[in-house]
Amino acid sequence: MSRLDSFIRRLTAQRACLDRAAEIIRDLDGPVLELGLGNGRTYDHLRSILPDREIFVFERKVAAHPDCIPDDAHLISGDLAETLPRAAERIPAPAALAHADIGSGDAEATARNAARVAAALPVLLAPGAVVAADQPLDDPRLRPIDLPEGVAPGRYHLYLRV
Ligand code: SAM
């Protein structure tokens, strides 16, 4: 598989998982959490498929397309290591959906991010909330659920907050 093929498959899996997560939480109240704004592509997708939800975005260095930057009330700036444990002060209700796209070329930093998110994210979520993630999240409060058809295991991850 070429790198182009691999990139396209990853983004296709990402979109399919976000769409599936949005479908599952249709009847669950609560905001959406976006961990890692990046270019703002998935933030833009989330706001287009969930237009009535508040979306809180965590990012340490905003460099997204200007159209894809949330207002100050919805941007939680700083490193996840500091912002996630204190995020309940900013988020008005338990979240119904979280998306964590926090991987990078640095395997150690990525593993640290995943461990932090797995430990600190569940308390911000409502029971029945769904997490979509680019990294595996290992925590007993997050139960893996089936991936959409066509998404290979390990390519993306979906969890239910139990
Ligand atoms: N989903 C985004 C999109 O569609 O454009 C791409 C996200 S990009 C892969 C990962 C983002 O997470 C980067 O913008 C990076 O700055 C941010 N990030 C990574 N580790 C972080 C950390 N520890 N704290 C805060 N932000 C972090």
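**Reading the fold, step by step**

Student: Which residue in β7 stands opposite A133?

Tutor: H157 in β7 stands opposite A133. Keep in mind that this is a predicted model.

Student: How do you know that β5 and β7 pair?

Tutor: Pairing needs at least two bridges between the strands. Strand β5 (residues 125-133) and strand β7 (residues 157-161) are joined by 4 bridges, so they pair. They run antiparallel.

Student: What holds paired strands together in general?

Tutor: Strands of a sheet pair through backbone hydrogen bonds, either parallel or antiparallel.

Student: In what order do the strands of the open sheet lie, and what is the pairing?

Tutor: The open sheet has 7 strands, in the order β3-β2-β1-β4-β5-β7-β6. The pairing is mixed.

Student: What makes β3 and β6 edge strands?

Tutor: Each pairs on one side only. That holds for β3 (75-77) and for β6 (142-144). On average, neighbouring strands of this sheet are turned by 20° against each other, direction ignored.

Student: Which strands does α1 touch as it packs on the sheet?

Tutor: α1 touches β4 (95-100), β5 and β7. The direction of α1 makes about 170° with that of β5.

Student: Where do α1 and α2 meet?

Tutor: From α1 come Q14, R15, L18, D19 and A22. From α2 come T42, H45, L46 and I49. By class, this contact has 4 nonpolar, 3 polar and 2 charged residues.

Student: At what angle do α1 and α2 pack?

Tutor: Helix α1 (residues 3-24) and helix α2 (residues 41-49) pack at about 30°, with axes 11 Å apart.

Student: Which residues are closest to the ligand?

Tutor: G36, G38, R41, R60 and D101 are the closest of the 17 residues around the ligand. The shell divides into 4 nonpolar, 7 polar and 6 charged residues. α2 and β2 (55-59) each supply at least two of the shell residues.

Student: Why does the radius of gyration agree with a compact globule?

Tutor: A compact globule of 162 residues would have a radius of gyration near 15 Å. The protein chain has 15 Å, so the two agree. Its C-alpha trace spans about 45 × 30 × 30 Å along the principal axes.

Definitions and conventions. Residues numbered from 1 in each chain as written. Predicted model: local features only at pLDDT ≥ 70, side-chain atom pairs only at ≥ 80, totals over all residues. Axes fitted to C-alpha atoms, helices over the stretch in contact; angles between N-to-C directions. Contact = placed C-beta atoms within 7 Å. Nonpolar A, V, L, I, M, F, W, Y, C, P; charged D, E, K, R; others polar. Near = placed C-beta within 6 Å. Rg over C-alpha atoms; globule rule 2.2 N^0.38 Å.
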